[in-house]
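Thanks for asking me to look this one over. Below are my notes, in numbered points, to read with the model open beside you.

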Amino acid sequence: SSFAAWYCGSDSANVKDVLTGFLRDLRTLLEVSRTVYVGASSGGFAALLYGRQDPSGVVVAVNPQCNLKTYHPHAIDNFRDVCWPKEENNGTLVERIGGDLSELYAQGFPNTVIYVQSSGDMFHLNNQFSYFLSAIPPKRQNCFIADVRFWGRLGHPGSVPLHGYIPWIQAALRSATIKGVEILETYHSLSPSGPSKANPVDKSATTEAQTKTAVDVREWLLNN
């Protein structure tokens, strides 16, 4: 049977170091000025993990797992049994592989993150997204974009359709910089409804007001 492994290797294969080196060398070889790391579910975990190591990168994570401490225990059981049989329990495994990305991002991050979450995927909304959002440092909130909505499908598989995240990839690539506000404006300009004289980009909101909103949401999530 298939199982998720989160691109974290095994006790006999140091996949994390191999992928880190490969991605670094590939960026150098191709001489790219910007890389967009895209992944859904366990692939979203990988996008967040490896994208954080690229200061010029943008992550588009779709319904990702980002905190294996609060993920389905049976999925971690399968991963441990096959790839890390020497680990005594799931807790030690998650600590060893750095499986809580909310803790990692709470330390700061140089890249920009676009987190696309289906509100119909209630397990991931409550057990993954909420932890990640609450961990974003206030000074880096301008580098984090959350797109949370319902696309008409409940559950996890397929709950974010292609048209739910492809425009974010396009915006990340076309934006003048990787700053969150510029990616947002680019996304808006690419959308069917804008920009137009009737629907312009509103730049009147202050950074202070945006920060207060983010802090209020964070406090609500932590206390509810």
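1. Arginine 80 and aspartate 77 sit three residues apart in helix H3, so about one helical turn separates them. Their side chains meet in a salt bridge, with 3.6 Å from N to O. The term salt bridge here asks for a side-chain nitrogen of Lys or Arg within 4 Å of a carboxyl oxygen of Asp or Glu. Arginine 80 is buried at a relative accessible area of 16%, while aspartate 77 is partly exposed at 27%. Buried stands for under 20% relative accessible area, exposed for over 50%, and partly exposed for what lies in between (1.4 Å probe, protein chains only).

2. A word on the source before going further: this is a predicted model, in which local features need pLDDT of at least 70 and side-chain atom pairs count only at pLDDT 80 or more, while totals for chains, interfaces and linings use all residues. Residues are numbered from 1 along each chain as its sequence is written, and side-chain values use heavy atoms, with hydrogens and water left out.

3. How many salt bridges does the rule give? The count comes to eight. One of them joins lysine 69 to glutamate 95, with the closest N and O atoms 3.3 Å apart. This pair links distant parts of the chain, as lysine 69 is in the loop between S2 and H3 and glutamate 95 is in helix H4, 26 residues apart. Lysine 69 is partly exposed, at 41% relative accessible area, and glutamate 95 is exposed, at 51%. Please look at the neighbours too: Lys69, Glu95, Asp100 and Glu103 are linked in a network of salt bridges.

4. Another salt bridge is made by the side chains of arginine 96 and glutamate 87, at 2.8 Å from N to O. Is glutamate 87 buried or exposed? Its relative accessibility is 13%, so glutamate 87 counts as buried.

5. Now for the overall layout. The chain has nine helices and four strands, and along the sequence they follow the pattern α-β-α-β-α-α-α-β-α-β-α-α-α. Helices (H or I, at least four residues) and strands (E, at least two) are DSSP runs, numbered from the N terminus.

6. The four strands form an open sheet in the order S1-S2-S3-S4, with parallel pairing. At the edges are strand S1 (35-40) and strand S4 (144-149), each of which pairs on one side only. From one strand to the next, the twist averages 10° (axes are lines fitted to C-alpha atoms, for helices over the stretch in contact, and angles run from 0 to 180 degrees between N-to-C directions). Two strands are said to pair if DSSP finds at least two bridges between them.

7. Strand S2 deserves a visit of its own. S1 and S2 pair in the parallel sense over six bridges, and threonine 35 has glycine 57 in S2 as its bridge partner. S2 (residues 57-62) also pairs with S3 (residues 112-118), in the parallel sense over five bridges; there, valine 60 is partnered with isoleucine 114 in S3. Six of the six residues of S2 are buried. Both of its faces are covered, with Gly57, Val59 and Ala61 on one side and Val58, Val60 and Val62 on the other.

8. Which residues touch the most other members of the largest nonpolar core? In this core of 33 residues, they are Trp6, Leu48 and Phe132. A nonpolar core is a set of buried Ala, Val, Leu, Ile, Met, Phe, Trp, Tyr and Cys residues joined through side-chain atoms within 4.5 Å. The largest share, six residues, comes from H2. Leucine 48 touches, among others beyond four places away in sequence, Val59, Ala61, Tyr105 and Phe132. A second, separate core of 17 residues includes Val116, Ile145, Ala171 and Ile178.

9. Among contacts (heavy atoms within 4.5 Å) between residues at least 6 apart in sequence, 64% join residues at least 24 apart.

10. Finally, serine 12 lies in the segment before helix H1 (15-30) and is exposed, with a relative accessible area of 69%. Serine 12 and tryptophan 84 are 72 residues apart in sequence, and their C-alpha atoms are 8.4 Å apart in space.
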